[in-house]
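This report is meant for someone meeting the structure for the first time. Please keep the sequence and the model in view while reading.

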Amino acid sequence: MYSKVLSGTLHGVEGRLITVEADVSDGLPVFNMVGVLASEVREAGDRVRTALRNSGYILPPKKITVNLSPADVRKEGAVFDLPISIALLAAYGYIPAECLEGLLIIGELSLNGQLRPVKGILPIADYARRNGFAGIILPYGNRREAAVIPGMRIYGAENLKQVVDHLNDSKRIEEVPCIQPEFGEKKNFSVDFSEVRGQMLLKRAVEIAVAGMHNILFMGPPGAGKSMIAKRIPTIMPRLSYEESIELTKIYSVSGLLEADSALITERPFRMPHHSVTSQALIGGGRVPKPGEISLAHHGVLFLDEFLEFPKNVIEMLRQPLENGSITISRLHGSYVYPCEFMLVAAMNPCPCGYYPDKERCRCTRPERERYLKKLSAPLLDRIDMNISVKRIQYGELYGKRQEESSAVIGERVAEALARQRRRLKPFGISFNSKIPSNILEEICGLGAEEQRLWKEVFEKYDLSARGAARILRVSRTIADLEGSERVHSGHILEALSYRMPGFSLGGEEG
Amino acid sequence: MTDRDYYWYWLNNIPGIGRITMRKLLEEFGTPERIYRAGGAQIESLLPRAAQRESFHISKDGKRIEESYSRLAEKNIHFLHPDSPEYPKRLATIPDNPLGLYLIGKMPADGVKTVAIIGTRECTRYGSEMARYFGRELSKSGVAVISGLARGVDGMAHAGALAAGGYTLGVLGCGIDQVYPRENYRLFIDMERHGGILSESNVGAKMAPGLFPERNRLIAGMADAILVVEARERSGTFITVDQGLEQGREICALPGRVTDHNSVGCNRLIKMGAHIVTEVQDMLELLGVEGAHLSNHEKLPVEGRDVQTMQLSPTEQTVYGCLQIEPRYLDDIIEELQLAPQEVCMALNHLAVRGIIEEPLGNYYAIKL
């Protein structure tokens with residue numbers, strides 16, 4: 001007898017349909033599995049037969065053929081254990097074939113028939129909903145992850161027996177209620193900006209950077225609080241929207257990084273890879289490509305501390321993702337697209353010893369500094385809008401008794417600025433000031449006569465390149481947005497000058 | 001290459017024979033040519049070490065000497081010796097005068113007054129700006145600026161002189177072709193074209209600490225007056241000053257605050273009787289430069305003096321009041337004034353764009369000098 005069960009697998013961060021067919025006929029008793037199978041899928045045969053026997057289902061010796069289609073897609077992972085078992089049981093007549101309709105079945109089996117959670121459930125569940133599936137049967141441990149997708153029946157089964165009883169209608173599994181993640185409430189972060197004493201300039205710069213999603217580079221000696229500030233950036237970012245959250249959770253689901261029993265990720269990620277990271281771990285890759293750190297930082301912050309200590313080839317790979325907001329990885333079995341719209345926050349020392357311009361401590365010569373800073377290429381620097389020098393904190397600042405602004409207050413201003421620019425930029429198909437292309441930049445900034453005059457003066461005074469000028473204007477636009485101003489005024493441009501990159505190759509020294 | 005050049009060049013380039021031995025030989029024989037032609041026994045009694053005697057005999061290889069000399073010419077390096085017409089008269093009279101000099105570019109013209117501007121390598125912005133200012137302004141009056149092409153005060157003095165289009169001479173302690181420190185590479189190139197670089201060592205001689213005092217002797221020797229811009233309590237600058245005193249040069253110093261680490265040396269010099277210099281005219285009068293009273297010189301900037309005449313907003317005035325000669329970090333200014341960062345940034349950048357203040361380093365601001 002022939003039977004068919006629908007299941008799913010992953011392709012990048014998207015789900016893809018896999019049909020599992022089983023046929024049982026008379027002939028020599030063999031068990032054949034076909035359909036471009038990776039070794040873990042081939043091993044499913046043994047797992048399935050043992051699990052079936054241990055769950056009390058006897059399979060009389062017959063010629064069994066299992067086919068996983070489409071035949072040109074390589075099947076990987078242990079997610080097919082359950083669909084294969086169900087297909088076999090249906091083919092042997094334990095389960096009526098009609099009850100499998102409109103159902104997507106997925107899960108890994110252990111030898112005693114227990115179901116184990118698998119990774120990548122969210123993209124597959126999302127795929128199932130979009131393709132009109134009525135329900136999905138999956139391991140109990142995955143039920144909450146799938147339950148955030150509305151409009152589908154989710155059944156979380158603990159073992160094979162439960163699934164069979166459910167399908168036979170002898171004992172239905174209880175449906176998992178749809179989870180409505182709460183997006184309104186502010187989640188408590190373990191850190192807050194009010195803990196940062198002083199560093200007014202740095203805080204202001206970070207506020208602007210977040211308000212326009214500008215990439216930012218901190219330059220300063222060790223112990224100046226660069227990492228401390230960077231860690232607090234997610235606390236002032238606006239809450240993830242439902243769509244953003246789904247996108248992000250898919251990436252984590254595929255990477256197997258979702259915590260057990262968790263539903264959607266509702267906090268913006270903060271990723272801080274060590275500088276020994278390989279290019280594959282940062283960008284994504286592997287024989288079966290997995291999302292890299294840049295994708296795990298999607299809609300959040302990628303913080304690269306000791307930016308210059310990263311291998312040059314690794315840093316340079318950031319160019320294309322920073323430009324496109326996604327990364328395409330091509331491998332033997334296909335190419336995969338992972339989204340990676342992150343805000344880059346980089347921190348570095350101004351010289352090899354780290355203490356420049358503190359002449360009491362820094363012994364580095366100018367050529368040494370130049371050589372050190374030359375590791376950053378111009379194309380990469382072009383993608384970083386803001387640069388700020390950081391100094392070691394004075395004792396008094398560290399322990400001063402002053403009321404500092406909390407993340408919530410700063411976050412409100414940032415959210416308003418973001419909403420304002422999103423409205424303005426909608427006709428151009430972009431959402432952030434940092435993405436404004438240079439050809440429409442002046443139009444969007446709306447400089448008046450006085451501003452034009454100042455801008456010309458600034459241009460000549462600082463001998464700006466076209467790109468350098470564009471970076472300053474983008475930041476000015478964000479400063480204006482923070483103030484609620486539709487046009488960019490002189491004051492906004494003047495403030496933005498503090499965040500430009502002056503004579504970068506000399507560590508900020510001009511002339 | 002005249003015969004005299006040949007013999008002097010030979011004498012100056014015998015390995016293991018230095019200025020002291022050379023002088024001993026010259027006393028005995030009179031001229032390098034006679035040393036060259038002198039017989040074995042007589043020479044050997046004057047050269048105590050066997051290695052010296054050996055290298056003395058090997059070095060008399062006409063072809064090698066001529067080749068080495070022509071290689072200098074290819075690099076536009078001139079060799080000067082006490083008998084050559086270009087040999088500076090100032091150096092002829094100093095004790096232990098050099099017996100061979102290597103020169104790229106030109107020596108200062110006859111009759112031109114010269115000032116050595118010297119100071120510490122680890123100077124403050126005040127020091128470097130003052131060195132540049134005096135280099136530039138003295139240069140405008142046709143005074144040649146002499147210094148040691150080192151980091152800090154030296155380099156800035158040269159740069160100031162070059163900026164005014166004047167002549168400046170750099171004296172090296174290492175070989176004439178060595179660029180040390182590397183960071184002054186651009187300065188070296190400019191000075192080769194528009195000034196001069198002088199050394200007592202032939203090409204290839206590496207820098208060694210013992211060579212600095214030797215060089216300082218030449219700096220003092222080339223100068224009519226020595227101006228010390230910044231010096232700590234113990235400083236190599238004092239070697240130059242001591243040599244200068246021995247050679248009868250005028251010693252001048254810029255006074256500094258008594259609490260400033262980098263001015264302790266200057267103040268001590270003044271206490272011991274050095275001329276106090278507070279403006280360019282002081283130097284010019286001391287040197288007897290004609291028209292010293294004519295002031296085509298930029299006035300020495302004094303902190304905050306001209307702020308009243310410039311139209312500044314109240315915030316800008318407050319912010320300006322916070323600035324000093326030494327660059328201050330933006331956040332420190334924000335902290336001191338307790339103003340919003342954006343206000344301070346705006347005010348500072350507005351002042352910077354108008355050229356009233358400077359941003360010598362990213363996010364560090366200082367008043368303009």
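## Basis of the description

Domain bounds, as used here, come from an automatic or database domain assignment. This is a predicted model, in which local features need pLDDT of at least 70 and side-chain atom pairs count only at pLDDT 80 or more, while totals for chains, interfaces and linings use all residues. Residues are numbered from 1 along each chain as its sequence is written, and chains are lettered from A and ligands numbered from 1 in the order in which they are written.

## The two domains of chain A

In chain A the assignment gives domain 1 (2-167) and domain 2 (193-506), and the C-alpha centres of these two domains of chain A are 45 Å apart. Contact between the domains, where a contact means that the C-beta atoms of two residues, placed from the backbone, lie within 7 Å, involves 17 residues of domain 1 of chain A and 18 residues of domain 2 of chain A. Helices (H or I, at least four residues) and strands (E, at least two) are DSSP runs numbered from the N terminus; on the domain 1 side of this contact, β1 (2-11), α4 (121-130) and α5 (143-146) of chain A each supply at least two residues, and α4(A) gives the largest share, with four residues.

Strand β8 (residues 135-139) of chain A runs parallel to β9(A) and is joined to it by five bridges, two strands being counted as paired if DSSP finds at least two bridges between them. Within this pairing L138(A) has G156(A) in β9(A) as its bridge partner. A residue is called buried if 20 or more other C-beta atoms lie within 10 Å of its own, exposed if 12 or fewer, and partly exposed in between, with C-beta atoms placed from the backbone. Because four of its five residues are buried, strand β9 (residues 153-157) of chain A is largely enclosed by the rest of the structure.

## Chain B

Chain B is assigned domain 1 (1-70), domain 2 (114-287) and domain 3 (307-367), and 32 Å separate the C-alpha centres of domain 2 of chain B and domain 3 of chain B. Chain B holds 17 helices and twelve strands, its C-alpha trace spans about 85 × 35 × 35 Å along its principal axes, and buried residues make up 44% of its 369 residues.

An open sheet of three strands in chain B has the order β10-β12-β11 with antiparallel pairing, and its edge strands, each pairing on one side only, are β10 (328-329) and β11 (357-361) of chain B. Three bridges link β11(B) to strand β12 (residues 364-367) of chain B, and L361(B) stands opposite Y364(B) in β12(B). Elsewhere, D61(B) is found in the loop between α5 (50-58) and α6 (62-74) of chain B, where D61(B) is exposed, with 12 other C-beta atoms within 10 Å.

## Where the chains meet

Between the chains, 28 residues of chain A are in contact with 22 residues of chain B. On the chain A side, α7 (200-212) is among the elements that supply at least two residues, and α7(A) contributes the largest share, four residues.

## Confidence

The pLDDT, the predictor's confidence in each residue from 0 to 100, averages 89 in chain A, where 94% of the residues score at least 70. Over residues 505-511 of chain A the pLDDT is below 50, although this stretch has 23 contacts in the model beyond near neighbours in sequence. Where pLDDT is low, the predicted coordinates should not be read in detail.
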